[in-house]
Amino acid sequence: MLDHASNGPVLPPEIDRRRTFAIISHPDAGKTTLTEKFLLYGGAIQMAGQVRAKGEARRTRSDFMQMEKDRGISVSASAMSFEFKDFWFNLVDTPGHSDFSEDTYRTLTAVDAAVMVIDGAKGVESQTQKLFEVCRMRDMPILTFCNKMDRESRDTFEIIDEIQENLAIDVSPASWPIGVGRDFLGCYDMLNDRLELMDRADRNVISESIQINGLDDPKLAEHVPEDLLEKLLEEVEMARELLPKLDHQAMLDGTMTPIWFGSAINSFGVKELMDGIADFGPKPRVRPAVERDISPDEKKVSGFVFKVQANMDPKHRDRIAFVRLCSGHFKRGMKLIHVRTKKPMAIASPMLFLASDRELAEEAWAGDIIGIPNHGQLRIGDALTEGEILHFAGIPSFAPELLQSVRATDPMKSKHLDKALNQFAEEGAAKLFKPMIGSGWIIGVVGSLQFDVLASRIELEYGIPVRFEQTQFTSARWLTGPDEKVDSFINTNKGHMATDHDGDPVYMTRLQWDIDRVERDFPELNLTATKEIMV
Ligand SMILES: Nc1nc2c(ncn2[C@@H]2O[C@H](COP(=O)(O)OP(=O)(O)OP(=O)(O)O)[C@@H](O)[C@H]2O)c(=O)[nH]1
Ligand SMILES: [Mg+2]
């Protein structure tokens, strides 16, 4: 079955073994917990940390920001690479909360597949649906993990039906749960005819797997109580009749998703899911650029920045651009052309993100995610190539929906605040507007939690306590048009005008009426809710 699925061009072995994927879901379904267990099974860490760790207990690796640790939620996407069997996994744990979805959407431009986590008690939730739609637009292969089976969860058929109905995708069970909640024993592995039992006593060990010779093997009865066994046999028979068999090509096309059941916190079902990613997950895929499609096996290196993050390591005060390599074999010290400025850049200290540490990357291949430390030259959407002019399309920018003014509580620190705010604007963590009249800044975000993150980060990373305040403005629009028309509009509407952190003019509005008026009275001007990131 596997051999017939076309997964793009024949690739050099190092590229062929790469699997680059994001973990997505509604908040709290268990992405970060699952990520941690991936690292455990990949041998990258010896002991799994917890999302809500108390006291000296270990924290998860991917929730590294202070606010993530304090609140037990993910705020920012984090990338990690590790080996699993013969494969090299590049994984990105994303935040589930919709206030941070711009970051999650950008991450989806940089990966080849998504692991969609579903809470077994809750099924398809609002944010699952939204993220799924984004994957669908990109025809992205999706593997599904139904988590928290150790809790009271829904009937298995009901969960599968809900995914099929709500997301309009075929679902093929790769495993089948035995019992639920307190009675959850483990799963029957539908792909390999194995019985996988969950060890409740030790959450951090690799679970037992028992080879079974089909469903009539008497060995099953030794491990599964009679009532549960009867139910299992009945359900598996029904599932095999009613649900589609795993079709690898359909999965790669994004029209079918295999589903595994498990419990991330108990490390259960994780290994089977990882095997699934290795066996069925896509290899690095062809990337569309505006000029042409880029194939991963091309000799020349190309890549693009999908995320910028400052101060990841408070000791270093650094600024890292996360680059998805789209083609070629990258070597440390290589000179690449920064397409936006057409300037060469020697990449002297590229980083690989390993479980708890980063390491200098001596080399990397198409599919990999590497970090490039820089002083602000690299921005989201920027392309790096060996000379060709390429623009990678489709990196989303969201319109700010909430605006507040920000001030340092200590006026002596205003200058430092400017620097901090510009930094966050470059990260894409907020939009920054400088009103033409008056002092101070106006910050625009998509969701209110982003204000909390900013306040916390400005204080922790720059030592500046700040205050956010209401402003008279509710919305912002980028203003473009013929130069002299734009200039004369600015001159007569100074009270409404601001510049963004690139110096581009922005019209601040109080009511929809303001926008309607400009559109009616100045037909030669354009007001847009987002600014194209690509330059
Ligand atoms: N009972 C049970 N709880 C789990 C399981 N997996 C995760 N949890 C708990 O669910 C909560 C949320 O888990 P996270 O891993 O932070 O979820 P997340 O999807 O990363 O959340 P966000 O990043 O904020 O969207 C934590 O308290 C976990 O301990 C599981 O298999 N069973
Ligand atoms: Mg998380």
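**Exercise 1. How many cavities of 30 Å³ or more does the structure hold, and what volume does the largest cavity have?**

*Solution.* Start with the count: there are five cavities of 30 Å³ or more in this predicted model. Here a cavity is a set of points, on a 1 Å grid over the protein atoms alone, where a 1.4 Å probe fits but cannot get out. Next comes the size: the largest cavity has a volume of about 220 Å³, a volume being the space filled by probe spheres set on the points, which are joined across faces, edges and corners.

Before you go on, a note on conventions: this is a predicted model, in which local features need pLDDT of at least 70, side-chain atom pairs count only at pLDDT 80 or more, and totals for chains, interfaces and linings use all residues. Residues are numbered from 1 along each chain as its sequence is written, chains are lettered from A and ligands numbered from 1 in the order in which they are written, and side-chain values use heavy atoms, with hydrogens and water left out.

**Exercise 2. Which elements supply the lining of the largest cavity, and how do its residues divide by class?**

*Solution.* First, find the lining, whose residues have an atom within 4 Å of a point. It holds 18 residues, with Val75, Asp103, Gly428, Ala429 and Gln450 nearest the centre of the cavity. Second, look at the elements: helix H4 (101-108), strand E14 (302-310) and helix H12 (449-462) each supply at least two of the lining residues. H12 gives the most, with four. These elements are DSSP runs numbered from the N terminus, helices being H or I with at least four residues and strands E with at least two. Third, sort by class: seven residues are nonpolar, four polar and seven charged. Ala, Val, Leu, Ile, Met, Phe, Trp, Tyr, Cys and Pro count as nonpolar, Asp, Glu, Lys and Arg as charged, and the others, Gly among them, as polar.

**Exercise 3. Which strands stand at the edges of the seven-stranded sheet?**

*Solution.* Write down the order of this open sheet: E2-E3-E1-E4-E5-E11-E6, with mixed pairing. Two strands pair if DSSP finds at least two bridges between them. Strand E2 (78-84) and strand E6 (170-173) each have a single partner strand, so one side of each is left without a neighbour in the sheet. Now zoom in on one pair: E1 (residues 18-24) and E3 (residues 87-93) run parallel and are joined by six bridges. Within this pair, Arg19 has Phe89 in E3 as its bridge partner.

**Exercise 4. At what angle do helices H2 and H10 pack, and which residues meet?**

*Solution.* Take the axes of H2 (residues 31-41) and H10 (residues 270-280): the angle is about 80 degrees and the axes lie 10 Å apart. Axes are lines fitted to C-alpha atoms, for helices over the stretch in contact, and angles run from 0 to 180 degrees between N-to-C directions. The two helices are therefore roughly perpendicular to each other, a label for angles of 65 to 115 degrees. Then list the contacts (heavy atoms within 4.5 Å): Leu34, Lys37, Phe38 and Tyr41 of H2 meet Val270, Lys271, Leu273, Met274 and Ile277 of H10. By class, this contact has seven nonpolar, no polar and two charged residues.

Key: On a 1 Å grid over the protein atoms alone, a cavity is a set of points where a 1.4 Å probe fits but cannot get out, and a pocket is an open set with protein on both sides within 12 Å along at least five of seven lines; lining residues have an atom within 4 Å of a point. Angles under 35 degrees count as roughly parallel, over 145 as roughly antiparallel, 65 to 115 as roughly perpendicular and the rest as oblique.
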